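Me: I have a structure open and want to learn how to read it. Can we go feature by feature?

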Amino acid sequence: MKRFLFFFSLFIISSSAYCQSEAIVFGRVTDTAGVALELVNISVNGFPTGSVTDKEGNFEMKVRSGERLTLAVSFIGYETRLFSVKLNPAERYELKVQLKSTSTELGTATIEDKETRQTTFNRIDPKIASEVPTSGEGVFALVKTFAGVSSNNETSSQYNVRGGNYDENLIYVNDIEIYRPFLVRAGQQEGLSFVNSDLASSLLFSAGGFDAKYGDKMSSVLDITYKKPREFAGSVTASLLGAAMHLEGITKNKRFSYLVGVRHRTNRYVLTSLDTKGAYQPQFTDVQTLLSYDVSTKFTLELLANYNRNKYTFVPQDRETDFGTINEALRLTVYFDGQEVNSFETGMGALSATWRPKTNLKMKFIASAFHSFEQETFDVSGEYWLDQLENNFGSDNLGEVKFNRGVGAYLHHARNYLSALVANAEHKGTLTLRKSKVLWGVKYQHEYVNDELNEWNLIDSAGYSVPQQPADEINLKYVYKAINVLETNRYSGYVEQDWHFSDSSNFALHYGARFNYWDLNNQFLFSPRATVSYQPDWKKRNFLFRFSSGYYYQPPFYRELRNLYGELNKNIKAQKSIHFVLGSDYNFTAWKRPFKLVAEVYYKYMDDLIPYEIDNVRIRYYANNNARGYATGLDLRVNGEFVPGIESWFSMSVMQTQEDIKDDFYYDRYNSDGEKIIPGYTINNVATDSIRYEPGYIPRPTDQRVNFSIYFQDYIPRVPSLKVHLNFLFGTGMPFGPPSYDRYKDTLRIPPYRRVDLGFSYQLLGEKKKLLGPKNPLKYLNSIWLSMEVFNLLQVNNTISYLWVADVTGRQYAIPNYLTARQLNVKLIARF
């Protein structure tokens, strides 16, 4: 017994001494997007000690103290990171780790983001959004560099995808569909969009062939997930274009988390470079929050709320624009009077409840509402002079006014008001099985729109009102007056299954269908969709091939119902698009660094199309299903570490989209001598003959044939804290035509869009913050970055639209409306 007590006492003493010589390492492991990683291995090289992360990415482990140890953090599909530590007895050391995704060859297999790779989606790192040099918003600046995406307007966040327009793109935030204002007609009025990149943890983008769980639009999906904070953090951003701040945190019991973002933006500094000079007063403010509460381990409540107020006031003064050719150089000079006051005020709230009764079953219930109140008011008059410039290179007055071609005036008046409410109630579910995943959802949507339209335009050219009229009459060029009230209900749903044929199979199948019913036109829609992928078992080549196809109906929203005169066509039907997308995905290694090459060829057949015209960012529909069309093209994108440790990419798209408007025929009239004359007239009572022409297929307004884009990052040799960011966009010209409602005349081309934005960023504070004294307030900051950006580095006069001016002879001149010129911006970002 005494011997037992002796050895027991010896064991207790030795154990106590060993515990006092221990230290504790704890922390959290995430990917580069801030998403927690589960089952990550944390080991100590040379010792059996180790730990793994839980589902929240947290870990804690005991290690020896008093000696130098090497900690290894590793996970399949991610780069292994090593950390050297030497801890004191009983010390608690916190380790925050971010792992970067990579491809890891295990024999003949590659472990990576397999689920996303099997679909048409591409993942975007939201952190890059704060680094990309742009005068707009970072998330959308990145989207515009993707293959299949085109844009010719840096002042707007809108983009076209594979021949579609802005209204054909879906945007989701935490499963909530996002809407945009209705009345915006110019990019400088647009203000802040809903998406706040500071709050995002995941961005997925598909340019077509997407799954049935995504809604009823014809072109693309941008699926955004906001962060779920695990600790207190935040950031502050300030630049010449505005400021932003975000805070995130979680309570001690880990049950309640909050995410708050505030943004204020004014693009006055950029707008001063436009041809039209005056007092620009844009004020854009946005407040967002995401609150999450874990009622239990199985039940979670979330509230996503947003308030956005975009006010744009402009008092124009004058404009001077040179245009034409060397042989015919012209100048338009305009002096303005009046002002423009536009306001777009929107609010959105969504309450969701997520219930996980079983580990493999998730059920989500969402109630949301979106409200928009918009007003567009202006009275702007302009007096213009159209002058011919001296083009003789030997003249001392080269480039000066040679003679006047005409003078005129115009008056533009508008009092437009719109109020819209969209309320939704929906349920979504996910059931995970051993070889497949089943998803389903149902949704009810109620819409109410009240629209008051009062707009007219008077043009007086060279003393004659156009169109010409008797002296005692005043004819306006156009008058739009309407009061529309619309209240409707929609019902939609989907079922989808993601199937893996076996654990060892290289085949995967995503298939499903959507339905939609709208009580305004009593149209029921059924949309089957499917994607099949196959990964060949090639030892030296990591390829994946996929094919997607399906029906993509787009039921009309209010904007499509309203025609050019403000009248509603309530009998209009859904537009239809059938997608065929064949793609390949190749992961490879070059210079011992990971790369990916994605290629997709597609064809989209479209029917029951609603023709439209685009002026800047305003889309005006004809409100008739009287066209059919197609879009076909090739998209290529290569991304990877062209510079070690940072991602860059190159994208190229070749595309053609055309439509055939069924009733757009016209007549050319000829006299008996075969001379073409003005339609509907005779010459000296000579009989005329007319010939009917069918234009057939004509380019759609978004027919931008070639797009090439680059987002490239680099750092200065020997100064890794100094980075360079290059954002390059090139797109061939889009169609345009004279100011008429004859779409077949829109066969001219705007000059190509060319834009280079360059940014330099320097890390003022980073890992060396530990050197700061204990009383230095900067010790609470994780990093400080200072950036200098040059917008439109090459000083290219890009054209967004045209102002048409006619003289008394009826000759029309297209005066280009140029976008912003070269500007500098300074930005400071602090994270804590």
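Me: What ground rules apply here?

Reply: This is a predicted model: local features need pLDDT of at least 70, side-chain atom pairs count only at pLDDT 80 or more, and totals for chains, interfaces and linings use all residues. Residues are numbered from 1 along each chain as its sequence is written, and side-chain values use heavy atoms, with hydrogens and water left out.

Me: Start with the cores. Which residues have the most contacts inside the largest nonpolar core?

Reply: In soluble globular proteins, nonpolar side chains tend to be buried together. A nonpolar core is a set of buried Ala, Val, Leu, Ile, Met, Phe, Trp, Tyr and Cys residues joined through side-chain atoms within 4.5 Å. Buried means under 20% relative accessible area, exposed over 50%, and partly exposed in between (1.4 Å probe, protein chains only). Here the largest core holds 57 residues, and Tyr159, Phe205, Leu222, Ile224, Tyr226 and Leu304 have the most contacts inside it. Helix 3 (residues 138-143) gives the largest share of this core, five residues. Helices (H or I, at least four residues) and strands (E, at least two) are DSSP runs, numbered from the N terminus. A second, separate core has 20 residues, including Val29, Phe59, Val63 and Leu95.

Me: What does Tyr159 touch?

Reply: Contact means heavy atoms within 4.5 Å. Leaving out residues up to four places away in sequence, Tyr159 touches residues including Phe140, Val143, Phe205 and Leu222.

Me: Now sheets. In what order do the strands of the open sheet run?

Reply: Strands of a sheet pair through backbone hydrogen bonds, either parallel or antiparallel. Two strands pair if DSSP finds at least two bridges between them. In this model, five strands form an open sheet in the order 10-15-16-13-14, with mixed pairing. Strand 10 (121-124) and strand 14 are the edge strands, each pairing on one side only. Strand 15 (residues 200-206) and strand 16 (residues 220-226) are antiparallel over six bridges. Leu204 has Asp223 in strand 16 as its bridge partner.

Me: How many aromatic pairs does a search of the whole structure find?

Reply: Rings of Phe, Tyr and Trp (its six-membered ring) pair if their centres lie within 6.5 Å; planes under 30 degrees apart count as stacked, over 60 as edge-to-face and the rest as tilted. The search finds 38 aromatic pairs. One of them joins Phe121 and Tyr214: tilted, 5.2 Å centre to centre, with 45 degrees between the planes. This pair links distant parts of the chain, 93 residues apart: Phe121 is in strand 10, and Tyr214 is in the loop between strand 15 and strand 16. Phe121 is buried because its relative accessible area is 8%. Tyr214 is buried too, at 6%.

Me: Which pair is stacked?

Reply: Phe588 and Phe595 form a stacked pair, 5.6 Å centre to centre and 15 degrees between the planes. Phe588 is partly exposed at 24%, whereas Phe595 is buried at 5%. Ring pairs link both into a cluster, with Trp538, Phe543 and Trp591 among the other members.

Me: Where do charges sit over rings?

Reply: A charge sits over a ring if NZ of Lys or CZ of Arg is within 6 Å of the ring centre and within 35 degrees of the ring normal. Arg162 lies over the face of Tyr602, 4.3 Å from the ring centre. The charged end of Arg637 sits over the ring of Trp649, 4.9 Å from its centre.
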